[in-house]
Amino acid sequence: MKNSPLRSFSLKVFIFVVISASSFLAMAEQDIFVGKRILIVYFSQPEDVSLEGADGISGASVLEKNKERVGSTQYIAQLIQQQTGGDLFRIETVTPYPLQHDALLKYAEEEQKVNARPVMRTKVENLNNYDTIFIGYPIWWYKMPMVLYSFLEQHDLQGKNIIPFTTHGGSRFSDSLVEIERLQPNSKLIKEGLSISRDDVKDDETVTDVINWLGKLSLEVK
């Protein structure tokens, strides 16, 4: 049976309303960050693996967006940057991590065993310019990567909002929120962080999830 003109018109109106509402939601939620000085710090290790994903024990993975291969955490950091207008800072180590999945798992496990503090290539030199710090990382062996300990021990985030986000293989934040709070006791940790399964990062709905999460945050500076 052919669609009636009225049905087609109603469908077009519905699509217009949905698109308009989504656009309005994104704009409204960005208002939360007006006047905030935002830095988005992230650690992401895109592996040299199939885009089908990797073993669930590791939170690191890679996906393709806009014809570019990016790490899962890197992609979420980019989405946050698009919505907030914040500056991006990527944590990188002097000694590169392995690109192969099994080798990376073993390397990360050894770092945890020796309580390593990987040397970062650069530090954030202008922290006084920011009052809100997003911190993103994968979960490796049920913990945040040891280079995050290096970052948190070498940067004073006193009085700043810390907003965590993670991509994981099933363990969500694990104990990382407790560790962040322990390492930065004089900051304001926003515990309603964003936790996204590595398998879901590539989904189109992830953009909406990030927007909705940002809109629910309550930011205050000590």
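Buried means under 20% relative accessible area, exposed over 50%, and partly exposed in between, using a 1.4 Å probe on protein chains only. By that cut-off Thr-93 is buried, because its relative accessible area is 9%. This is a predicted model: local features need pLDDT of at least 70, side-chain atom pairs count only at pLDDT 80 or more, and totals for chains, interfaces and linings use all residues. Residues are numbered from 1 along each chain as its sequence is written, and side-chain values use heavy atoms, leaving out hydrogens and water.

**Thr-93**
- Thr-93 sits in the loop between strand E4 (87-90) and helix H3 (101-113). Helices (H or I, at least four residues) and strands (E, at least two) are DSSP runs, numbered from the N terminus.
- Contact means heavy atoms within 4.5 Å. Leaving aside residues up to four places away in sequence, Thr-93 touches Pro-118, Val-119, Met-120, Arg-121 and Val-147.

**Ser-176**
- Ser-176 belongs to helix H5 (residues 176-183).
- Ser-176 is buried, with a relative accessible area of 0%.
- Not counting residues up to four places away in sequence, Ser-176 touches Tyr-137, Ile-139 and Met-144.

**Helices H4 and H5**
- The axes of H4 (residues 146-154) and H5 come within 9 Å and cross at roughly 25°. Axes are lines fitted to C-alpha atoms, for helices over the stretch in contact, with angles from 0 to 180 degrees between N-to-C directions.
- That makes H4 roughly parallel to H5 (under 35 degrees; over 145 is roughly antiparallel, 65 to 115 roughly perpendicular, the rest oblique).
- Tyr-149, Leu-152 and Glu-153 of H4 meet Glu-179, Ile-180, Arg-182 and Leu-183 of H5.
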